[in-house]
Each structure stands twice: as structure tokens, then as C-alpha cells.
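Here are my notebook entries from an afternoon of looking things up. Follow along in the viewer if you like.

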Amino acid sequence: MELVSVPSRRRHLLDGAYAILLYGLAILVGYAVLAPNRLRLPSVVAVISPQKPLVTAVAPATNEPAKHSEPTTGTTDTPSSREARLAPEPTATPAPPPRILLPKTAAPSAEAPAVVPRIEAPPALAPAPGDTRPWPTPVQGRIVDESRQPLANASVVGDGIEVLTGPDGSFALEHLSPGSRLLVKMPGYAKVTIEPTPRPLEIALRPQAVKAAYLTYFGINDRRIRGRVLDLIERTELNALVIDVKGDRGWILYPTQVPLALEVGAQGPATMRDFDHLMIDLKARGVYTIARIVTFKDNVLATGRPDLAVTDGRTGKSWVDRENLAWVDPFREEVWAYNIAIAKEAVRHGFDEVQFDYVRFPTDGKLGAARYSRPNNKDTRLPAIAGFLEHARRQLGPTGAFVAADIFGYTAFNENDTDIGQRIEELAPRLDYICPMVYPSGYHLGIPGFRNPVTHPYEVVRESVRLIRERSGHAVARVRPWLQDFRDYAFDRRVFGVSQVQAQVRGADEAGSAGWMLWNPRNDYTGAALKPKGGLAASSRATPSLAD
């Protein structure tokens, strides 16, 4: 055995200590770069090329395009498959802000519905610094339309409390803080915000048709794509944007403060650090903003919290669809709370509306292997989806935001829940806007009377919207459909151009829709199909007037 001197041994110990220190620093640097949320450090922002996104959508096994995905890098212009292959069972222009009329008397109705519990007031309705103007106690008034007919079940929001008007359009709020603002809203009408006034109110709402284009998680980050769509809004009848706040992969668009989102790493590769500046610009342009939140298809949450995921009965791991993306369990109320927390954060950023997508059970992949926390059948799916939307509406209504949900077009024709938990009669009472995806290509087995829907875009959209309105009954929810502005993928791969887009718009309008939204997965829209803006921009931004 070789004997080592004391100095030599000390030198070896020091060398070993230095090596351990360097190894530890390397680990810390690795975490800081690859997983900053583990160290509570700000995420590293990837630079997005304006030519192509960082992630390409994974194509499903069939010829059906991948649903509602980010734009792809190839030359294809097919959409994501927002419609499942499910067959049916046999069987306006933007308006100026409203006038505010102050009548001599306005008494609240004794039949007014109950008050919704208090929610944190949105910043837009909070008192301005130094504003101490008082409201009367109680605050009362009446909501009417332009012809001064009463609007029942309109929402009046103040101090984080929402009340609904009675049959005669009247409302009463027991107390409002000095300087706070009152917001009035009803689906199909433009919102109006009221400053403190000592007198009873009669508020006349003006109809509003929201006409939107969609920007993906990556598209909103791309200045070229974003500028192209904003230019269309400036030049044409478009007046709104649907923006991916939480997209198909579960990534959140802007720096989030939702604890569970930070825990599971939902801050994606294209986090938009200057998002609030963008919202200020959109508001200055008069753009109505809709936050799209993909709900139960959430690969990030399912991976980070496997206890909340749909599990694969064969492996015990997270179940995945054809895109190899995991879903979370629609029965789990913690999943509900997560998505509602993200929605509330979006409203605080200034969104006018929250639109939940993938608010359903899966439709592709090995469905027989999917395991949930409760039995998945016709008796359990509807209560799960309707329960989530009802909870979301009660939480988000007092923030001043509208609540919408994207649904399959075939739900207009199917009497059951289409095996996904969506049935018009159960969803309509829990929403402000019903947003069916009435793409002619989505009706791959046709609809009654039209075997090849892509040759009849007007008739398909008109009949779908008409049936959904009819089945909505007396609910205040309005129908605002998604329209196809992309090449057909189910029949003959025809281009959907000016005539096809205009036919769909005409079908939606004639069926009584409250506007429409254009879908194109590359955010490349057919501007020639849209009416020019003309004098709409000036009138839509007119200042409300007060009259005795």
C-alpha cells in the first residue's frame, strides 16, 4: 500500500471539494436554463422566427386534420380538426356605444332574480385614484333596447357583484363604492360602463354583431401575421380578435401568476412579455377581444399533475389522443378551478369575453382505454360539462366578461350529447354565447338534405345556426358560429374562397346569428370576402350621450 503524505492528502481533499462545487454550479445553471420554474426564476424566452413557429402540429393517423392547432411549417392550409367524425342521428355591423337615458322614475322589480355572490371587481370598474363621487343607495334603474323595450336578464355589474334585470328590465344594487363604475351587458349588445350619478338610470343598449378573426398562440407573437390581421380589422367589417390565451398544448400566452400553472410549467416557448401593451393598442383601435382557453385538452397540466389526467387503462400512464397529447379529467373540479383561474386572469388583462374550447370529452385515439375518476357514460358526461360551464359563468359574470363555449356543429342535429357531453338544451342556459363550429368540411357525413356540405356552404351554416337558436329556447345566450376560411379536407379539397366565405356569412346572418368568427389555422384570411369598413369605425367609437 502506498503511503500518502499529509500535504498530499490535503491537496486531494481540496481538489475534490472544488470538483463538487463545480458540479453543483453546473446543475444550478442547467435548471436555470431548462426549468427556471423549479428555482422560481423567470423563464427564458425563446426567439420566434417570423417565418415559422417553434412547434409543428402533429398530424393524426387519419386524413382528418389536427384540431385547432398552431400554424404548421409546411405548405398545407388544412385546419385542425375541430369537428369529430360524428354523424347526426336520424331524424350586423358593429354599433356605437349605447345612449344612457335618465328617466324621471325607475323602480326595481320585485321579481328581479337573486344577486350573484361577490367576486373581485375587475380593474376597469375600480374607482380611479381620488374619485369619491358617490352613488345613491340603493343604485336602481332600468335596462332597455333602442326602442325602449325592457331587456329582462341583462347583467348589471358593480363592486364585484352581478344582478340580473327583472321582466320589466329593472334592477337594484344595494351599495356601490364611491367612484366605482357600473357595467351593463347582455349577449348581442355592446357593453356600457356608467360613471357615478345621483339619479336613477335608464340605460339603452345597442345591438352589437361581433365579427372576429382568430390568432393562434404563435400567430399573435408574429408581428407580420398580427399586423396582417390588424390591417384587415382596420379596412373591413371585422371588429374583433379571438386570441389563444391557453392553446392546444396548454401553454399560456403571457406571464401568468396562476400558482398551478407555474407549478406545472405552463409558461410556454412563446411567452409574450409585452402583452399588456398589445391589449392597450387593441383597445385604442376599438377591437373586441376574446380569450380562447383550451380546457380539457391540456398536455402540460396532465403531465405535471398526472392525478388530474385521463389515464390509460392499459399502462396506468396519461392517456393520449392521436396527436399524442394528454387530456385532463373533465370530472375533476380542480381542473375546473384551474381553467377558471386562467380565465379570471385573462379578464384582468382586459379581455371582453372568455371562450372555452375543447370543453368536452375526447373523440379520437384509443377511447376504450381512457379511464376517468367517474364512469364515462351518457348520464355523467352532460352534468360534468354543464356543471363546469355553470360554475365558470357564475365566477366570470361578476367580472364583466361574457362567457362562451365552442361546440361541435353536429350538436345542432344530434338529440343526444354526441358522446362528448355537449347538448344544446343543457349548455345554452349556462352561456352568453354558443359558438358552433359549422365548417361545411366538418360535416363529413353530411346533414339532412345535403350529402356534400362543401357544395352548400350557405344552406349548411343557415340550418345549423337556425336549429341551435331554436333548441336554445328562452335562454339569453346568442349563437355566434365559427366559419370555414380554409381549404376543404373531407371531400374534394376545394379552396374556400370569396364566394364560399360570403355564402357562410349570409347563412349565419339570415339565421339570426350575433356575428361570426373566421377560422384559419395559418391566420391567413380571405379579405376580399369581407365588406369594407366605410364609416363603421367612426360610429362604433362614438361617445355615449346622457339625456333627461
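Entry 1: I began with K211, whose bridge partner in β19 is W516. Before going on, I noted that this is a predicted model, where local features need pLDDT of at least 70, side-chain atom pairs count only at pLDDT 80 or more, and totals for chains, interfaces and linings use all residues. Residues are numbered from 1 along each chain as its sequence is written, and side-chain values use heavy atoms, with hydrogens and water left out.

I looked up the terms too: strands (E, at least two residues) and helices (H or I, at least four) are DSSP runs, numbered from the N terminus. Two strands pair if DSSP finds at least two bridges between them. β9 and β19 run parallel and are joined by 4 bridges. β9 also pairs with β10 (residues 240–246), again in the parallel sense, over 4 bridges. There, A213 stands opposite L241.

**Entry 2: how covered is β9?** I found 6 of the 6 residues of β9 (210–215) buried, where buried means under 20% relative accessible area, exposed over 50%, and partly exposed in between (1.4 Å probe, protein chains only). In a regular strand the side chains alternate between the two faces of the sheet. Here V210, A212 and Y214 point one way, while K211, A213 and L215 point the other.

**Entry 3: N523.** Where does N523 sit? I found it in the loop between β19 (515–519) and α11 (536–540). N523 has a relative accessible area of 0%, so I wrote it down as buried. Y214, L215 and T216 are among the residues that N523 touches, not counting those up to four places away in sequence; contact means heavy atoms within 4.5 Å. A polar atom of the N523 side chain lies 3.2 Å from the backbone nitrogen of T216.

Definitions and conventions: A polar contact is a pair of N or O atoms within 3.5 Å; within protein, one must be able to donate a hydrogen and the other to accept it, and residues adjacent in sequence count only if both atoms are side-chain atoms.
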